[in-house]
Amino acid sequence: MRDEARGVSTEERPRPQDAARPAEGARPPARRGGLAPTGGEDIMTPGHPQRHYTLICPVCHRRTADDGLVLTCGEDHPAAFLRTGYQESRLTVCPDSDGLYRYRRWLPITRTLAGAGGTIVSRGERLGRALGLRDLWIAFNGYWPERGAHLRSATFKELEAYTVLGRLPDRPPILVIPSVGNTGAAFASVFAQTGGECVIIVPERGLHRLASETELPSAVRLVALTGGDYDDAIGLGERVSRLPGFQAVGGAWNVARRDGLATVLLSAAETMGRLPEFYVQAVGSAVGAIAVHEAAGRLIASGEYGQARPRLLMCQNASYAPVRDLWRFGSVGRGHAARDVYADELTNRNPPYFVRGGIRDALAESGGRVLVADHASARAAAELFLETEGIDIEPAASVALACLREAVAGGEVSSGASVLLNITGGGRAHPARARLLRRVEPTLRLGREELGSPETPGRIGALFPSADGVVRAARV
Ligand SMILES: [Zn+2]
C-alpha cells in the first residue's frame, strides 16, 4: 500500500472476514421474463429468434436460452452474474461489420446498427515515453474521427447501448436507465436511431453530458433530478422498473452491457495479437473492468492468447472511493462527500462487489489492485494526454491515467510491462462535435422532496402514451 498523499494507494487483498458477507449493494434486479430451465440442453425459447449463444449460471451451471431480457438465474442460490456461452470458441472478426459489431460472434445480439462506433486501439508511444513505459497501448473510446473513433456521445457507454439494443426482443419493454449522464447520452444517441423507448434518469448536474446534435427523440424521456445524485437516480430507477411494461436495463446484470464493454479487450487482442499484462480503467460500477476480465478468460480458453489474465488496476477518486473501501475494509466508509470528486461518474456507492463474478472476484482472480488519484494529479493527467496524444479526455479517464502515472513512478508497474490503458471517454471538445451540440431539455424535473413520493414512478410512467393506463393505476 502506498502513501495516499502521493495520489495513489493500493490494497492487495480483502480481509478474510469479508468472504462471509452476503451480496449487497447491487441487488439482483426484479426478475421479469425468466426462462424455463433446459436441463443442460441448449434449446430455443418458442417465439424467439435463434441465437448463437446461451446464458450460463456460474453457480448452478444451468444453461438457458435467452429471450433478450433475462438478467438473473432465478434459482435459490447466492446471487451471480449470468454469462454468455457462445457457439464459437475462437475470436472471429467480422471485418464487414461496423465498429464493435466486428466481434458480433461474441456479442449477445440478433441485430446490428449501421454506422456503429467502436474502440480504437493503438500504441501510445509519446504518452508511454512521458510515463516511462515502453509497451503502452491506448484503447480510445470517444469521438476522434481523424483516428477512426466515432462514438458520438464520446464515451465507451455507447458500446453498452449498441449491444443492449442488439439483444432486445422484437417487442421490448420500456428500458429504465439511471445515469450520471454518460450512459444516458449513449442510450439516447443509439435509441434515437431506432425508435426504441427508454426513460433516462439523471441528476441535473449531469444534463450537460446529454447535449446532442439533434433533439431528444420522442421515444426517449429524460427525467432530471434537481439536487439528487447518482444513488438517487438508481433508487428511483429501481422503482420505475417495477411498473408494468418497464424493465431496468440491469447494470452489470445485463450480459449485453458486459459483453459490449468486453469488446475493448477484443479490439486490443486483435491489434496487439496478445493480452496485456496490466489493464487500467477508472471504475464506478466496474462493469467494464469485470467485462474485460471475463473476455480475457474467454480469449485464454480459445488457446490463442496465453494463460495469464491481465492484472486489473481499477481507479477511483481519492476523495470518494467506494470500490477501494470495499476492497480494503469490506464496506464503504461513511462521511465521504460524493460531490467533492474530480469524476462524478465514479461515485456508485453500491457497486456489484460481493456478487459471484463481481468486482471482488475479478480483482482476486487477476491479482488486481484499486488505485486512487486526487484532483491535482487527475487534472495534470488530462493535460499530459492532450499534450502527448492531442485530444481532450473525460475526467474518469484522467483519473485512470493519473493512477497509472503514479503506479509507474512508484515501481508497481515496471517500465517494460505491457499495459492497456482504457481511455473510457474522450473527444467531447473535438471541434467537429462540439460546434454542433445543443442542450437538451428534460421531459420532467423532480425536486429532491418528490423522489420518495409513491406518486413519482407513476408520473414517470405516464410520460409514455403506450404505457398509460396500466401505469397510472400502479403505485410503486
Ligand atoms: Zn443458477
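Student: Against which elements do the buried residues of helix 9 pack?

Tutor: This is a predicted model, in which local features need pLDDT of at least 70 and side-chain atom pairs count only at pLDDT 80 or more, while totals for chains, interfaces and linings use all residues. Residues are numbered from 1 along each chain as its sequence is written. Helices (H or I, at least four residues) and strands (E, at least two) are DSSP runs numbered from the N terminus, and two residues are in contact if their C-beta atoms, placed from the backbone, lie within 7 Å. The buried side of helix 9 packs against helix 1 (125-131), strand 14 (369-373) and helix 10 (395-409).

Student: Which residues of helix 9 are buried, and over what arc do they lie?

Tutor: A residue is buried if 20 or more other C-beta atoms lie within 10 Å of its own, exposed if 12 or fewer, and partly exposed in between, with C-beta atoms placed from the backbone. In helix 9 the buried residues are Ser-377, Ala-378, Ala-381, Ala-382, Phe-385 and Glu-389. They are on the same side of helix 9, because the arc they cover around the axis, taken from the directions from the helix axis to the C-beta atoms, is only 145 degrees.

Student: Which exposed residues does the opposite face of helix 9 carry?

Tutor: One looks at the face of helix 9 turned away from its buried side. The exposed residues there are Ala-376, Glu-383 and Glu-387.

Student: How far apart are the end C-alpha atoms of helix 9?

Tutor: The expected span of a helix is 1.5 Å times one less than its number of residues. Helix 9 (residues 375-389) has 15 residues, so it should span 21 Å. The distance between its end C-alpha atoms agrees with this: 21 Å.

Student: In what order do the 6 strands of the open sheet stand?

Tutor: Two strands pair if DSSP finds at least two bridges between them. The pairing in this open sheet is mixed, and the order of its 6 strands is 4-5-15-12-13-14.

Student: Which are the edge strands?

Tutor: An edge strand here pairs on one side only. The two that do so are strand 4 (120-123) and strand 14.

Student: How many of the residues of strand 13 are buried, and which residue is the bridge partner of Gln-281?

Tutor: Strand 13 (residues 311-317) is mostly covered, with 7 of its 7 residues buried. Strand 12 (residues 278-282) and strand 13 are parallel and share 5 bridges. In strand 13, Gln-281 has as its bridge partner Met-314.

Student: Is Glu-88 buried or exposed?

Tutor: Glu-88 lies in the loop between strand 3 (83-86) and strand 4. Because Glu-88 has 11 C-beta neighbours inside 10 Å, it counts as exposed.

Student: What share of the residues of the protein count as buried?

Tutor: The protein has 13 helices and 16 strands. Of its 476 residues, the share that count as buried is 53%.
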